[in-house]
Amino acid sequence: MEAPSTGNKPKSEKTSYQRLLIAALKKEMEIARKLDPEKLASEIRKIGFSCQHCGKCCRQAFGDNRVAVIPSEVERIQEYTGLSKLEIAGPFVIEDPIQDGIGKSEEECPETSLIESEENEEYFSPDLLESLEDCIDCEGKVHAFGWILRRKRNGDCTFLERDTYKCQIYPVRPMLCSTYPFYIEGLRLQTCECEGLGSPISIEDSRKLAEDILFRYISELEDTLGLYENFVDFIRGEKGLELAKKSQENGTFTCIVHDSKGSTEISG
Ligand code: SF4
């Protein structure tokens with residue numbers, strides 16, 4: 001069940017650390033807007049890239065395959081698929097909740113799709129809850145920051161077609177997917193593991209990719225800034241973890257997802 005969150009009694013003032021983070025983000029955005037797409041395109045050509053359509057980045061072939069999505073991306077996928085926000089995305093937490101199914105086939109993980117089962121695949125085990133203790137409030141609600149695309153129990157992206165490895169939402173796929181394996185961090189171009197790296201890329205394709213990478217970088221910075229500016233800290237308490245574990249056991253578990261548009265409470 002999804003509802004806008006009122007949360008527990010908030011602390012409204014920003015801490016000096018939060019103000020520092022906001023100032024640093026604004027500075028990074030200012031510099032990011034001045035990055036030269038032509039220089040970026042030339043770097044991409046030096047590295048080389050051509051997608052081999054192996055689908056490894058959509059599975060867990062290279063480890064953590066979580067796809068962080070911002071609210072506008074979820075909305076685009078909603079329009080395209082007619083699915084609800086929670087069918088498309090789940091809470092983003094530091095630790096990866098899907099561990100058991102890694103490397104297994106769909107047959108070995110029978111209940112595969114959130115869309116089919118309406119079950120939350122990103123299960124918060126007691127161990128995971130312990131590692132998230134600092135994100136649990138005094139009422140035992142877990143606070144998450146941002147969203148990730150839903151995955152099947154074996155860790156595959158929920159939109160990956162089973163036999164063909166085709167993306168079912170290709171025209172509206174998230175920016176992370178359309179710019180994979182590239183991203184910018186610390187104002188520098190970085191790459192993830194990928195079968196297609198090192199292959200020649202045309203000038204035209206490298207320019208288009210450079211523009212998309214820059215657009216993604218700035219969009220994500222803007223979104224993070226929105227999150228920091230909207231976020232009102234929650235109250236932690238000694239019993240928070242215990243309450244969260246109990247609510248997980250009795251099926252009343254609640255997670256509050258904070259994003260640039262506000263907060264969403266997910267329960268049940
Ligand atoms: S982006 Fe890389 S890992 Fe993903 S499908 Fe293409 S070649 Fe494979």
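Student: Which residues have the most contacts inside the largest nonpolar core?
Tutor: Val69, Ala89, Val142, Leu149 and Cys255, in a core of 30 residues. A nonpolar core here is a set of buried Ala, Val, Leu, Ile, Met, Phe, Trp, Tyr and Cys residues joined through C-beta atoms within 7 Å. Buried means that 20 or more other C-beta atoms lie within 10 Å of the residue's own; exposed means 12 or fewer, partly exposed is in between, and C-beta atoms are placed from the backbone. Keep in mind that this is a predicted model: local features need pLDDT of at least 70, side-chain atom pairs count only at pLDDT 80 or more, and totals for chains, interfaces and linings use all residues. Residues are numbered from 1 along each chain as its sequence is written.

Student: Which elements each supply at least two residues of this core?
Tutor: Helix H3 (71–81), strand S4 (142–145), S5, helix H7 (175–178) and strand S8 (254–259). These labels are DSSP runs numbered from the N terminus, with helices being H or I of at least four residues and strands E of at least two.

Student: What does cysteine 255 touch?
Tutor: Leaving out residues up to four places away in sequence, cysteine 255 touches Pro91, Lys141, Val142, Ala144 and Ile266. Contact means C-beta atoms, placed from the backbone, within 7 Å.

Student: OK, and S8 itself: how many of its residues are buried?
Tutor: Six of the six, so S8 is largely enclosed by the rest of the structure. Thr254, Ile256 and His258 are buried on one side, and Cys255, Val257 and Asp259 are buried on the other.

Student: Which way do S4 and S8 run, parallel or antiparallel?
Tutor: Parallel, joined by four bridges; strands count as paired if DSSP finds at least two bridges between them. Histidine 143 has isoleucine 256 in S8 as its bridge partner. S8 also pairs with strand S9 (residues 262–267), in the antiparallel sense over six bridges, and those two form a hairpin with two residues between them. In S9, isoleucine 266 is the bridge partner of cysteine 255.

Student: Now the ligand. Which residues are around it?
Tutor: Cys51, Gln52, His53, Cys54, Gly55, Lys56, Cys57, Tyr180, Pro181, Cys194, Glu195 and Gly196.

Student: What kind of peptide bond joins tyrosine 180 and proline 181?
Tutor: A cis one, with omega about 5°. Proline 181 lies in the loop between H7 and strand S6 (182–185).

Student: And what's phi for histidine 53?
Tutor: Near 55°, a positive value in a residue other than glycine. Most residues other than glycine have a negative phi, and most peptide bonds are trans. Histidine 53 is in the loop between helix H2 (37–47) and S2, and it counts as exposed because it has 12 C-beta neighbours inside 10 Å.

Student: Where does leucine 187 sit?
Tutor: In the loop between S6 and strand S7 (188–191). Leucine 187 has a positive phi of about 65°, and with 11 C-beta neighbours inside 10 Å it counts as exposed.

Notes
Two residues are in contact if their C-beta atoms, placed from the backbone, lie within 7 Å. A residue is near a molecule or strand if its C-beta atom, placed from the backbone, lies within 6 Å of it.
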